[in-house]
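Work through the exercises below with the model in view. Try each task before reading its solution.

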Amino acid sequence: EAKQQAAEHIHLLQTIVNVCLTFDDWKQQIFTHLHAVPFPDEYVEYADSQSCSSLFVHKFDKMQSSTSSHCVCFSLFPFYRAFQDQEFVDWIEKVVVLLAKDPSEESRLRLLPVRSNKPGWINLFAPGDSRGLCRDQGSTFLLIVTNLMSIEGRRRVVATTLQQMLDAVIIMAVRGHAVFHEALSYLLEIHAISDNVERYRVINTLKLTPAGRPFYAQITERENAREAAKTIESPQIWMPPQATDDDIANLLSQCPKTLQSAYFASTHLTSAIARELIKFPALRHVNLSATQFGDEGLRLLCDYLNLETLELRETPISDSGLEALTAMTNLSQLNLNSTAISMEMFLKLKSKLPNLEEFDVGYTDAYGCESDTSL
């Protein structure tokens with residue numbers, strides 16, 4: 001019963017143990033209680049009374065069944081003093097590697113910082129970090145970034161962290177790791193680097209390295225398409241109700257990169273079509289109403305596009321996907337009629353989207369908030 005209660009109150013348990021460990025008189029007593037819990041077989045037993053924070057991790061593991069429980073704990077529990085112990089560092093790195101390889105996207109995302117002003121495990125294993133957990137050429141850091149960048153629809157989240165670790169990302173790109181060239185090119189494309197000197201460093205890294213040149217050529221092509229779309233009249237495409245993902249993909253394959261408007265309402269499309277839409281960097285207006293387009297597809301769109309109008313009426317969109325819409329700062333018209341948006345999410349979108357002028361949240365839990373003037 002005690003284990004179950006502790007598992008339900010993770011934050012409280014961590015706080016209690018952390019506070020207790022600061023009092024020398026209590027350390028041995030805490031150590032004794034934690035040591036009574038059997039260790040998981042897959043981890044090295046580490047039982048030093050001066051570093052019994054690791055035993056807390058073992059205890060926590062016995063209370064939770066999923067691998068991600070480790071990272072929930074690590075994200076919030078500071079082990080900085082224990083980092084001076086090499087045996088503890090070896091053990092903790094094994095756990096981080098397990099999380100980086102975990103098939104659960106949620107587990108991998110736990111390696112990112114919980115708050116923007118606090119480091120996460122990705123930071124601690126980066127080359128050049130002051131805590132010195134990176135003891136080789138950055139193999140653990142490479143593993144973490146590779147598996148984070150592979151999560152579709154979460155690139156902006158990962159990029160926000162990498163932008164704050166630009167030196168480490170550049171050095172890994174210079175060492176020839178393609179995933180870091182990909183990360184640098186993505187940061188340029190979404191205009192995440194505002195400092196001109198930093199932008200110059202990133203551009204030079206891409207242009208001067210063999211693995212970086214194809215990525216730089218790709219983002220240059222996409223930027224040229226955006227600029228060209230401002231001066232030419234682009235076709236507007238639409239599809240009849242019978243159209244499927246394959247039908248729409250075939251049509252899009254014939255469209256110029258300057259395509260600005262796509263109207264696919266009431267078709268049989270799904271979130272899979274997002275992979276085709278993101279190939280058109282100049283897209284401004286998209287209508288996906290009354291389709292099966294969902295959260296996964298929306299997150300992917302928000303990773304690459306910054307639309308001006310978006311119609312999602314009568315789709316299975318929920319707060320989980322709508323959270324990503326805060327990145328579409330150019331959005332001026334948004335239709336979420338008859339979706340699962342909550343009042344809290346709608347108010348958040350209104351506060352985060354500076355250009356939003358027209359919106360429809362009829363037949364939702366947010367209906368009635370339209371007249372809110374506090375934002």
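A helix here is a DSSP run of H or I that spans at least four residues, and helices are numbered from the N terminus. The model is a predicted one.

**Exercise 1. Work out how Arg201 and Glu198 are placed and joined.**

Step 1. Find the element. Both Arg201 and Glu198 lie in helix α13.

Step 2. Count along the chain. The two are 3 residues apart, about one turn of the helix.

Step 3. Check the contact. A salt bridge needs a side-chain nitrogen of Lys or Arg within 4 Å of a carboxyl oxygen of Asp or Glu. The closest N and O atoms of Arg201 and Glu198 are 2.9 Å apart, and the pair forms a salt bridge.

Step 4. Glu198 is partly exposed, at 23% relative accessible area. Arg201 is partly exposed too, at 28%.

**Exercise 2. Find what the salt bridge between Asp167 and Arg201 ties together.**

Step 1. Take the distance. The side chains of Asp167 and Arg201 meet at 2.8 Å, N to O.

Step 2. Asp167 lies in helix α11 and Arg201 in helix α13 (residues 196-208), so the pair ties together parts that are 34 residues apart in sequence.

Step 3. Classify Asp167. With a relative accessible area of 52%, Asp167 is exposed.

**Exercise 3. Is Glu93 buried or exposed, and what does it pair with?**

Step 1. Apply the cut-off. Buried means under 20% relative accessible area. Glu93 has 15%, so Glu93 is buried.

Step 2. Name the partner. Glu93 forms a salt bridge with Arg135, with 2.4 Å between the closest N and O atoms.

Step 3. Locate both. Glu93 is in helix α6, while Arg135 sits in the loop between α8 and α9. They are 42 residues apart, and the pair links distant parts of the chain.

Step 4. Compare with the other end. Arg135 is partly exposed, at 43%.

**Exercise 4. Describe the sheet, then explain why β1 and β6 each have a side without a neighbour.**

Step 1. Order the strands. The open sheet has 6 strands, running β1-β2-β3-β4-β5-β6, with parallel pairing.

Step 2. Look at the edges. β1 (236-238) and β6 (358-360) each have a single partner strand, so one side of each lacks a neighbour in the sheet.

Step 3. Note the twist. From one strand to the next, it averages 5°.

Step 4. Zoom in on one pair. β1 and β2 (residues 261-263) pair over 3 bridges. Ile237 has Ala262 in β2 as its bridge partner.

Conventions
Residues numbered from 1 in each chain as written. Predicted model: local features only at pLDDT ≥ 70, side-chain atom pairs only at ≥ 80, totals over all residues. Heavy atoms only, no water. Pairing = 2+ DSSP bridges. Axes fitted to C-alpha atoms, helices over the stretch in contact; angles between N-to-C directions. Buried < 20%, exposed > 50% of the residue type's maximum accessible area, 1.4 Å probe, protein only.
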